[in-house]
Amino acid sequence: MILINLLPHREAARKRQKEQFFTQLGLSALLGGIICGAVFSWYQGQIATQQERNSFLQSEIAKLDLEIKDIASLQKEIASLRARQTAVEDLQGDRNLPVHLLDELVAQLPDGIYLSSMKQENQSVLLTGVAQSQERVSELLRNLGNNSPWLSRPELVEIVASNVAGPNKEQRRVSNFTIRVALVRPSTAATTASGNATTAPVVPGKV
């Protein structure tokens, strides 16, 4: 017996192909959605982790800023204490400056020079006197500038020639001078003295 299929098999095959295509398309879309969701979740997790790291770093930076401020305030306090200590040491050392000044003037004053007045202005002293000649004044300037650890930077303010009456009523020519010299603080004088002792030249002996 021969069976003849009179149904539209071509349309049924097309329908099955369409159903398979849409099924595969739906599965592909579902798989793509799952993959996209997984990638999105992974990126969200990475972003959250990085945000936590950023928050931790910001909190640590804030702590460091506070510590830096504390260190800066401590440095200011240390500098202030050092300045006070230096001021106290200078005040204690300045009490002996008049003694050193008089000793140095006695030691450095050459013959033929007489001081008539001496006036201190802060860290400088104004010397006024009479010299037998201008060469004596030059010698005094050299002594004050080179031979004294307590006096420095001598400056000739004024020198005027004049005549004075001698013992036999003879006229002598003298020079009235004014010199300004700077006082050296004890700490600086000690440093200068030690430096000079260290760098003193050694004279070789004869063989």
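Q: Which residues make the nonpolar surface patch of about 610 Å²?
A: Leu31, Ile35, Val39, Trp42, Tyr43 and Ile47 make it. Patch residues have over 30% relative accessible area and no salt bridge; nonpolar side chains (Val, Leu, Ile, Met, Phe, Trp, Tyr) are joined within 5 Å, like charges within 9 Å. Areas come from the Shrake-Rupley method with a 1.4 Å probe, and for residues only the protein chains shown count as cover.

Q: What should I know about the model and numbering?
A: The model is predicted: local features need pLDDT of at least 70, side-chain atom pairs count only at pLDDT 80 or more, and totals for chains, interfaces and linings use all residues. Residues are numbered from 1 along each chain as its sequence is written, and side-chain values use heavy atoms, with hydrogens and water left out.

Q: How exposed is tyrosine 43?
A: Tyrosine 43 is partly exposed, because its relative accessibility is 47%. Buried means under 20% relative accessible area, exposed over 50%, partly exposed in between (1.4 Å probe, protein chains only).

Q: What's the overall layout?
A: There are 4 helices and 4 strands. Along the sequence the pattern reads α-α-β-β-α-β-β-α.

Q: How much of the protein is buried?
A: Buried residues are 16% of the 207. The accessible surface is about 16400 Å², and carbon and sulfur atoms hold 58% of that.

Q: What is in the largest nonpolar core?
A: That core has 16 residues, and Leu144, Leu151 and Phe177 have the most contacts inside it. A nonpolar core is a set of buried Ala, Val, Leu, Ile, Met, Phe, Trp, Tyr and Cys residues joined through side-chain atoms within 4.5 Å.

Q: Which elements give two or more residues to this core?
A: Helix H2 (97-108), strand E2 (124-131), helix H3 (134-146) and strand E4 (171-183). E4 gives the largest share, 4 residues.

Q: What does leucine 144 touch?
A: Leaving out residues up to four places away in sequence, Leu144 touches Leu105, Gln108, Leu127, Leu151, Ser152, Pro154 and Ile179. Contact means heavy atoms within 4.5 Å.

Q: Switching to strands. How do E1 and E2 run?
A: Strand E1 (residues 113-121) and E2 run antiparallel, joined by 8 bridges. Two strands pair if DSSP finds at least two bridges between them. E1 and E2 form a hairpin with 2 residues between them, and asparagine 122 in the turn has a positive phi of about 60 degrees.

Q: And E2 with E4?
A: Also antiparallel, over 8 bridges. Threonine 128 has threonine 178 in E4 as its bridge partner.

Q: What about the lysine 119 one?
A: Lysine 119 forms a salt bridge with glutamate 121, at 4.0 Å between the closest N and O atoms. Lysine 119 is exposed at 52% relative accessible area, while glutamate 121 is partly exposed at 32%.

Note on methods
Salt bridge = Lys/Arg side-chain N within 4 Å of Asp/Glu carboxyl O.
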